Amino acid sequence: MKRKMAALMVGDIVGYSGMMERAEEQTAERLASRQALISEKVNLLDGRVFKTTGDGALAEFPSAVNAVRSAFEIRSALAGAQEPDTEPFRMRFGLHIADVVVQGDDLVGDGVNLAARIQAAAEPDSIYVSGALFDHVRRNSAFIFDDMGERAFKNITESVHLYRVRGEIGAHRLQSAPTQLVITTERWPASVAVLPFRVSGDDENQRYLAEGLTEELIVELGRFRRLAVSSRSASFAVADCHPDPVRGRRGSGRSICA
């Protein structure tokens, strides 16, 4: 029996049966285009859709990070592809990583079943991941997660710790890279920008290490929901213009870079 490790993504459309009842032909046509979009996004991240079930799709990825990225991009693409005057397609996703059984082009086993259970527990427009998958991505992914606690599932003997993808750090209350002198009236009571460490000399390895440490700090700080964190591009742009920290501390309300 052939087995392999895989990051699994299960997604379906919320309320699909009711939509088919109200507008069968239109819904079927829209579903076909959405399934094509899902396959395209999955393939771009080295994944494979190994099964479709009406409104659902099951995909595998060699990378847990890419599995989360794919679900996030599919959700974003669907939100931007809604037609006016039509009932929106709202998907929910469940992700898990497991050792699965390979049967031809199909994957089966307890891990696939658990991914489907997690998907069924998710709210509309949400992405839930298991604790096992979260452990693989928490330090290598630019996403922010909410801890949803333990959850018991039917026919699953052990409870499963779940996390919900809240957003991407690059899109989570981040300040834009400054391009001109601007006046701003909005102030964050708790905001931070991590400037890159300065390296003496021309040692490229030290420079890469410094940039990596800076990015790691940005990712980790971005996990605090009450903290606004400047994106990497914004922080590095500020560093490039050699800002005056005294002016920034006084809070003049102006960008310190032109």
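Helix axes here are lines fitted to C-alpha atoms over the stretch in contact, and angles between N-to-C directions run from 0 to 180 degrees. Keep in mind that this is a predicted model.

**Exercise 1.** Work out how helix H2 packs with helix H3, and which residues make the contact.

*Solution.* Start by finding the helices: H2 covers residues 24-44, and H3 covers residues 64-80. Next, look at their axes, which lie 9 Å apart at an angle of about 145°. The crossing is right-handed. Now pick out the touching residues: H2 brings Arg34, Leu37, Ile38, Lys41 and Val42, while H3 brings Ser70, Glu73, Ile74, Ala77 and Leu78. Sort them by type and you get six nonpolar, one polar and three charged.

**Exercise 2.** Decide whether His96 is buried or exposed, then find its polar partner.

*Solution.* First, locate His96: it sits in strand S4, residues 91-103. Its relative accessibility is 9%, and the cut-off for buried is under 20%, so His96 counts as buried. Then check the side chain of His96, which makes a polar contact with the side chain of Ser130 at 2.7 Å. Leaving out residues up to four places away in sequence, His96 also touches others, including Leu8, Leu114, Ile118 and Leu133.

**Exercise 3.** Find the residues that touch the most other members of the largest nonpolar core.

*Solution.* This core has 33 residues, and the ones to pick are Met9, Val68, Leu95, Val129, Leu133 and Phe145. Ask next which element gives the most: that's H3, with seven residues. Now zoom in on Leu133: beyond its neighbours within four places in sequence, its contacts include Val68, Leu95 and His96.

Definitions and conventions: Residues are numbered from 1 along each chain as its sequence is written. This is a predicted model: local features need pLDDT of at least 70, side-chain atom pairs count only at pLDDT 80 or more; totals for chains, interfaces and linings use all residues. Side-chain values use heavy atoms; hydrogens and water are left out. Helices (H or I, at least four residues) and strands (E, at least two) are DSSP runs, numbered from the N terminus. A crossing is left-handed if the near helix is turned anticlockwise from the far one by less than a right angle, and right-handed if clockwise. Contact means heavy atoms within 4.5 Å. Ala, Val, Leu, Ile, Met, Phe, Trp, Tyr, Cys and Pro count as nonpolar, Asp, Glu, Lys and Arg as charged, and the others, Gly among them, as polar. Buried means under 20% relative accessible area, exposed over 50%, partly exposed in between (1.4 Å probe, protein chains only). A polar contact is a pair of N or O atoms within 3.5 Å; within protein, one must be able to donate a hydrogen and the other to accept it, and residues adjacent in sequence count only if both atoms are side-chain atoms. A nonpolar core is a set of buried Ala, Val, Leu, Ile, Met, Phe, Trp, Tyr and Cys residues joined through side-chain atoms within 4.5 Å.
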